[in-house]
Every structure is written in structure tokens, then in C-alpha cells.
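Look at the sequence and the 3D model side by side. Keep both in view as you read this report.

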Amino acid sequence: MDPTKQVVSQVFQQRLAQALGVTRVARVTGLDRTGVEVACAVRPGGHVLQVCNGKGASFEQAALGALFETAELWSAEHVSPGQLAWGSRAELHGRPIAAWSAEALGSAGRLVDGRLWTDSVRCAWREATELHSGRKVWVPAQGVHCPPSDAVALGPVSVAWTSNGSGAHPDARRALLHALLEATERDQLARALPGGWTEEAVRRRLLGPVVLGRGAPRAAALARSLRERGFEVHLFDVTPTTRTPGTVGLPVGAAVLVDVEEGPVPLTAGYACALGRDEALLKALLEAAQSRLTDIHGAREDVSSADKAAARAFAQACASVRPKRHAEDMPDFSADASSPVRGLQRVLNQLRRAGFTQVAAVTLDPPVPGLHVRRVVVPGMRISELL
């Protein structure tokens, strides 16, 4: 890396951490034996979470990942009253800008109770850009923001807020691409594994390790390293079939790490959607390794202990299956990954073909200049519970 760029990155990282209220970015890699670099950003004053994790091939990548995830939450927690429009959907609907119902939030959350929402309920709205057409739309602010109770009010609580579909990056296009891929991942998982991990799903979707190197060389290399460190590694193609309604056609990978030494964290899983199959499987592996450290360092209040008996049964099911799928059979658009412009166009085209004809993006306030934070709202998308 160019030393000048490295200095700029370090300065930016320090400035970002200070603005977020992060008191420490800890390297927790050494608490486990996967060898995957994992960092956690500690934010004592955080509303949604006080600790966010990041992973990568280097600690610098992991630290930035943790800070970017923290920035996504910070931006969701902060909203200026001047950015909000107040009224009912019925009142807004007569204006030049269309208003989307809370029932159409899709990737951005679900209604807590249908009785809490009608077109006559007055609430706060955020302006968004519909990406297929470029038109402006109003979306319920509760699907985008989660401010503390002593901050700006958004109206009667009717939406179960989620961070799904968020992205932060110094490049605005990459922030948006990250947000779209995250929302797509969780929707496609819900379609590919509607009943969760069943024996049939394991049999149908397990990838064979022998030819993995041809279809996904980087994922294969990391899988070999993890096996040498005492883990069983199981990789899956969880891309929905072409016959499944709503199939986007982007590669979705899943990874399961089983601790051969039967330590306190017997099994973890990771999932990822990317433009390329190698990237999807690699990111899924990194996510599974990060999940182990999330359990080990114990600082995340939203993570519950694993059911060891269920984990053991799942590991046995994976080990007993003869793989039928090959990584080379997964869709691959890695040629579009080198350019965020081409990558965004590819994702939007795939979404449109899958029937997702409405895709909105909200520009959130960043904690520092030079960082871009985006949130996407895709009506009709689902959110898998497999996280």
C-alpha cells in the first residue's frame, strides 16, 4: 500500500472513531484460533448497540469494517427534524412526491401490528430516491431511523426497526452497493431456506470441496487454512433456484464452521451475497469466523448462547452428506465487481427481473465529512432470521 494512502486512512479512521464516540477499536483475533482478523469498535454511548464487529484479511480492514458498521447505526440513531415531513400518507399522497405505505417497507422492517398503521395515521417521513426511475418518494421514517427516546419523535411505533439494507463507505456508490447486497442476501436466504436448515436443505445445497478451488479459489484457500486449524468447514450454495418466485440470481453463499476440539462455541454460520461466487463464499466464511469471536468475547448483548445439542446434530448432518453441488454452478458476475457503477447496474437489473420494481435509497447524515451512509427500502423483500 502507498504510505501516503495508509496515513490518510489512519487519520480518517481516527477522525471517524472520535465522531462516533468509539473509545477503543480492539483486536480480538487472538481470542480464537481461526486466524481471521476480527476487530470490535466499542461505543459506550451507543443507542442500538455498544459494540460492532468487523472482519478482514488484515486488522486494518477489520477495524474499518467495525467502524463502518458503527457509522450505519450512528446515522440511524441521528436525524434532524428539518429532514422530516409530518403528516398521514393520505395527506402526503396528493403531493407531487408519492408516499410508500409502512406495509410496503419490505427489506426495511415489518409492521409490529397492522392495527397500528393506517393511511390516516400521522407520522414522520423521510425523502428517498427510487433507483429504477430516479423519482423522489416518501418512506416512513420509522423504517429508516431508530433514535433514542429523548431525541426526535417519529410518531406512533408501528414498525419493527432493523439495520438491514445499510451501507457506509467513503465511496457513495460502494455504500449503496453494500446496502443492496445486504438486503438481497437476507431476502434470498428467506426464499432459499424458508424452513431454516433442514436435512433436505443440507443435502441439496452442500458444496463439494474437491472442485471448490476451480470455482472459488480464495474461499477454498481460507477453508484449507481453517481445516488445518482444527475446524470442519462446510460451504453451501444457498442461491434460490430459478423456479423460486423472487429469485434475484446473484450468488448467495453460506458457511458453517464446526469446532473439532468441541470448545465452548461448537458451531457458527455465516452468509453473504456478492457479485461473484468466490466473494460470496469467502465473505460467508469470514462471517462464520467473526461469529465465533462474537460469542467468545461476549460483548454483544444481542447474541444468545448456542444450543449445543442442536449444533452437534447439525454438524453430524453436514458430515454425513455426500455433496452434490459445485461452486462452478453458482451464478457469477465477478466481472462487474471491479466497477461500483457496473456493480450497481447489475444488481438493479437483477432486482428488476426478479420483480422488485421499486427500490428506494435514503441518504443518511454521516458522522464525518467524506463518509457516505445509505439505507435501502425494497418493497416485497423478506428478512431471513438466519443471522
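## About the model

This is a predicted model, in which local features need pLDDT of at least 70, side-chain atom pairs count only at pLDDT 80 or more, and totals for chains, interfaces and linings use all residues. Residues are numbered from 1 along each chain as its sequence is written, and side-chain values use heavy atoms, with hydrogens and water left out.

Helices (H or I, at least four residues) and strands (E, at least two) are DSSP runs, numbered from the N terminus.

## Helix 4 and helix 10

Two packed helices are described by the angle between their axes and the distance between the axes. Axes are lines fitted to C-alpha atoms, for helices over the stretch in contact, and angles run from 0 to 180 degrees between N-to-C directions. Take helix 4 (residues 172-192) and helix 10 (residues 340-353). Their axes come within 9 Å and cross at roughly 30°. Helix 4 and helix 10 are therefore roughly parallel (angles under 35 degrees; over 145 is roughly antiparallel, 65 to 115 roughly perpendicular, and the rest oblique).

Which residues of helix 4 and helix 10 meet? From helix 4 come Arg173, Arg174, Leu176, Leu177, Leu180, Leu181 and Thr184. Helix 10 answers with Pro340, Val341, Gly343, Leu344, Val347, Leu348 and Leu351. Contact here means heavy atoms within 4.5 Å. By class, the residues of this contact are 10 nonpolar, 2 polar and 2 charged. Ala, Val, Leu, Ile, Met, Phe, Trp, Tyr, Cys and Pro count as nonpolar, Asp, Glu, Lys and Arg as charged, and the others, Gly among them, as polar.

## Helix 7 and helix 8

Helix 7 (residues 217-228) packs with helix 8 (residues 277-297) at an angle of about 25°, and the axes are 7 Å apart. This pair is therefore roughly parallel. Helix 7 brings Pro217, Arg218, Ala219, Leu222, Ala223 and Leu226 to the contact. Helix 8 brings Asp278, Glu279, Leu281, Leu282, Leu285 and Leu286. The contact of helix 7 with helix 8 has 9 nonpolar residues, 3 charged and no polar ones.

## A cavity and a pocket

Now look for gaps. On a 1 Å grid over the protein atoms alone, a cavity is a set of points where a 1.4 Å probe fits but cannot get out; a pocket is an open set with protein on both sides within 12 Å along at least five of seven lines; lining residues have an atom within 4 Å of a point. Grid points are joined across faces, edges and corners, and a volume is the space filled by probe spheres set on the points.

The structure holds 1 cavity of 30 Å³ or more. The lining of the largest cavity is Glu72, Ala76, Val144, Ser166, Leu364, Val373, Arg374 and Arg375. Strand 15 gives the largest share, 3 residues. The second largest pocket has a volume of about 220 Å³. Its lining has 13 residues, with Val258, Asp259, Glu262, Pro266 and Arg312 nearest the centre. Helix 9 gives the most to this lining, 6 residues.

## Cysteine 146

Where is cysteine 146? It sits in the loop between strand 8 (136-140) and strand 9 (159-161). Cysteine 146 touches His47, Val48, Ala76, Glu77 and Trp161, leaving aside residues up to four places away in sequence. Cysteine 146 and histidine 47 are 99 residues apart along the chain, and their C-alpha atoms are separated by 8.5 Å.
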